[in-house]
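I opened this notebook to record what I looked up in the structure, one topic to an entry.

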Amino acid sequence: MMKQQKYFVSGNEAVALGVQRSRTQVVTAYPITPQTVAMERLSEMVADGELRTEFMLVESEHSALSAAMGASAMGTRTFTATSSQGLLYMAECLHYASGGRWPIVMMNANRSVALPWSIFGDQRDSLSLLDSGWIQVYVEDAQEAFDMIIQAFAIAEDEQVLTPVMVNLDGFTLTHTYEPVFVPTQEAVDAFLPPYQAPVKMDLDRPLNMAFSSTPPNNMEFKYQQHQAMEAARPVIAQVEQAFHAHFGRAYGGLIDAYRCDDAERILVTVGTVTGTARQAVDQLREQGQKVGLLKIRFMRPFPHEEVARALRHARAVGVLDRDISFGYEGTVFTNVNSALIGNKVVPPALNFIAGLGGRDIGVEDIEKMFERLAAAMDGKAAKRVEFIHLGVATDE
Amino acid sequence: MNNAVFSSRNMTEQEFFFGHKACAGCGGALAVRLALKVLGERTFAALPAGCMSAVGFIYPQMAFGINAIISTFAGTASMLAGMAAAARAQGLEDVHIVGFAGDGGTADIGIQALSGAIDRGERIIYICYDNEAYMNTGTQKSGLTPLGARTTTTPDGSVVGGSTTKKKNMFDIVAAHGIDYAATASIGYYQDYMNKVLRASQCGGTAYIHVMAPCPTGWGIPTEHALTIARESVDCGLWYLAEYSQGKYRLNQRPETFTPVEDYLRKQGRFKHLQSDDIAQAVRDRDARWQYMLTQWSDA
Ligand SMILES: Cc1ncc(C[n+]2csc(CCOP(=O)(O)OP(=O)(O)O)c2C)c(N)n1
Ligand code: SF4
Ligand SMILES: [Mg+2]
């Protein structure tokens, strides 16, 4: 195993280190809390000569991704970062980038969406853009953030995939929390991630017209190919993780990460940093002899429908914790999990817990309450399908 | 800096924009074609949503002989900037990064990205082909539609007749950034235009060219009149040929007498409804603008 240096850094800084170690050629930046620190660290690296990149301070997030697309279309490794309002401001460009098949990597600091204004965390920003054609991965700690920036380039740039990747970090809880992170040497990362060789790019020897328009007789074929590329990403994600493990000794379980699920009667599904709290709750309940488990979904796209169904197939009740709500229905993670369960003919009672919106704390006791609800559902008692957890206002219940 | 290099005699026979689906007599298509003759094959172009991208990139028929890409409507200048950054990152030298955006794509939705690119001093050439309305969507009013012009969103109604706002002054707005090179042009004076493209490509920084490019379809003129009407827009003084660099403005043409504004307007369907008051207003606005240019641009 290669030698790795231990840093004590925040999630944002871990991302900046990942961008540096990936030898990113073009970085476009626009500030928004809580992503800003990542860009500040990159600026410092550029100022101190530690990062050789074309660093562009653009005038909006729309331009940040637009410039990134121009750079990627020319065949360079490209990174940008945003959050919340900025991600939404990019919406047009998100679809454009995936349709253009440009392997851009973007960090998104998950943050609530106005109105009301809130700089604090939930996942309504990225989940509302689930259909924009980006691979979406959600990481749990700073080490995983660093590792996934490097892996994201390897996944995005794979010829079968050529699809942009959004690496999501929960705002503040991860972006601003300091943790030890092991950082391999530049040579070690170079050995894992060679320079990007774009199979298709604007080229003086072979001029191309790109990002063209289509007509009804051919548009669907392009969309089908995009879908195929996303499907092709499944094995590529696994291969990249295997190779990463061989190089650096760390692995995260691929599309999902199941914890104490094997004999679990009740399983809670989580996305992002809340998984840490949930793991603690599961351990406590296990000590009391309760058969509970935890399923962390790492990739929301491509969605691990088979893996989720397999992990949940023996559960007698399933809960999905959503830091999101699609008003007028339910949480988006819940919708996706349910579809996976039904599609694979696994149909335990399933409940949706809406929690942690706009930075609201989710404590161990909240998770325990969710498992209590699941116990009731398991015993056939009537339960609320979609429940807001830890509400500070009186409800009609 | 103003040695005329391009003329109809020495311009290349090579074509870089052909086989597209623009209407007959399209001024925008000519502006793109001529500029690419100046810039040559080591050129990377970005075009936002608008007529020129709509007619040039219909899969599988691609109309550009150089590297070209459609940008988002608002993202011409930012995509160009990203391309320029990538060219630097890859050590590509002697290349031109050029954008061709319409009046709507420039003065309205794309002005933020354009302003940012000028501010950063990006090495790009941004060419606004001005046909004075959102043509690709069917002739709606843009920020560069002149006062009184009939468009589909400023119809000639019984209460309001045509556009109620004046044309934004993009050349001044761009120059106010302290850009390296800016110019106005007209496809009616194509030699002047092509030489400005050449100077833009040699300025070593950010360049902006605003070229009047009539649209026969939207203006209500015969297809064979685009060039003459473009020339007349300058001759009557409603448009002007100027340059800006190193903090100085220069008028390239200072007509002794203007041809009648009324003749220019009456030839176009979009101005058919104008009353004599409206025409008098157009003349007053023209005179005020010339007064301004001649007095404020001390080097004019
Ligand atoms: C974000 C966005 N808004 C609106 C449009 C619709 N649209 C496409 S082309 C166009 C008109 C372009 O006008 P202009 O820039 O003047 O170029 P022209 O078509 O006149 O050449 C509009 C409104 C779009 N493609 N994208
Ligand atoms: S509508 Fe006008 S600008 Fe568009 S292609 Fe036709 S002539 Fe050219
Ligand atoms: Mg127009």
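**Entry 1: the model.** I note at the outset that this is a predicted model.

**Entry 2: ligand 1.** I began with where ligand 1 sits, and I found it between chains A and B. Which residues come nearest to it? Of the 17 residues around ligand 1, the nearest are B:Gly104, B:Gly105, B:Tyr129, B:Met135 and B:Asn136. I then sorted the shell around ligand 1 by residue class: eight residues are nonpolar, seven are polar and two are charged. Helix H4 of chain B, residues 103-108, gives the largest share of this shell, with three residues.

I next looked up contacts between oxygen atoms of ligand 1 and the protein backbone. A polar backbone atom of B:Gly105 is 2.7 Å from an oxygen atom of ligand 1. For B:Met135 the corresponding distance, again from a polar backbone atom to an oxygen atom of the ligand, is 2.9 Å. For B:Ala133 I recorded 3.0 Å between a polar backbone atom and a ligand oxygen atom. Ligand 1 taken alone exposes 590 Å², and the protein buries 76% of that.

**Entry 3: ligand 2.** I listed the residues around ligand 2 as B:Ala22, B:Cys23, B:Cys26, B:Cys51, B:Asn131, B:Cys215, B:Pro216 and B:Thr217. This shell divides into six nonpolar residues, two polar residues and no charged ones.

**Entry 4: the cavity.** Rolling a probe the size of a water molecule over the atoms shows where empty space is left. How many cavities of 30 Å³ or more are there? I counted one. The largest cavity holds about 30 Å³ of space. Its lining consists of B:Asn131, B:Glu132, B:Ala133, B:Met135, B:Thr139, B:Thr145, B:Arg150, B:Thr151, B:Gly218, B:Trp219 and B:Arg270. By class, I found three nonpolar, five polar and three charged residues in that lining.

Entry 5: Side chains of opposite charge can pair when their charged atoms come close. A:Arg23 lies in the loop between helix H1 (11-21) and strand S2 (26-29) of chain A and A:Asp190 lies in helix H8 (residues 186-192) of chain A, so the pair ties together parts 167 residues apart in sequence.

**Entry 6: backbone geometry.** Most residues other than glycine have a negative phi, and most peptide bonds are trans. A:Arg23, although not a glycine, has a positive phi of about 50°. I also found a cis peptide bond between A:Leu115 and A:Pro116, with omega about -15°. A:Pro116 is placed in the loop between strand S5 (105-110) and helix H6 (124-127) of chain A. In chain B, a cis peptide bond joins B:Tyr59 and B:Pro60, with omega about 0°. B:Pro60 is in the loop between strand S2 (57-58) and strand S3 (61-62) of chain B.

Terms used: Residues are numbered from 1 along each chain as its sequence is written. Chains are lettered from A and ligands numbered from 1 in the order in which they are written. This is a predicted model: local features need pLDDT of at least 70, side-chain atom pairs count only at pLDDT 80 or more; totals for chains, interfaces and linings use all residues. Side-chain values use heavy atoms; hydrogens and water are left out. On a 1 Å grid over the protein atoms alone, a cavity is a set of points where a 1.4 Å probe fits but cannot get out, and a pocket is an open set with protein on both sides within 12 Å along at least five of seven lines; lining residues have an atom within 4 Å of a point. Grid points are joined across faces, edges and corners, and a volume is the space filled by probe spheres set on the points. Ala, Val, Leu, Ile, Met, Phe, Trp, Tyr, Cys and Pro count as nonpolar, Asp, Glu, Lys and Arg as charged, and the others, Gly among them, as polar. A residue is near a molecule or strand if one of its heavy atoms lies within 4 Å of it. A polar contact is a pair of N or O atoms within 3.5 Å; within protein, one must be able to donate a hydrogen and the other to accept it, and residues adjacent in sequence count only if both atoms are side-chain atoms. Accessible areas come from the Shrake-Rupley method with a 1.4 Å probe; for residues, only the protein chains shown count as cover. Helices (H or I, at least four residues) and strands (E, at least two) are DSSP runs, numbered from the N terminus.
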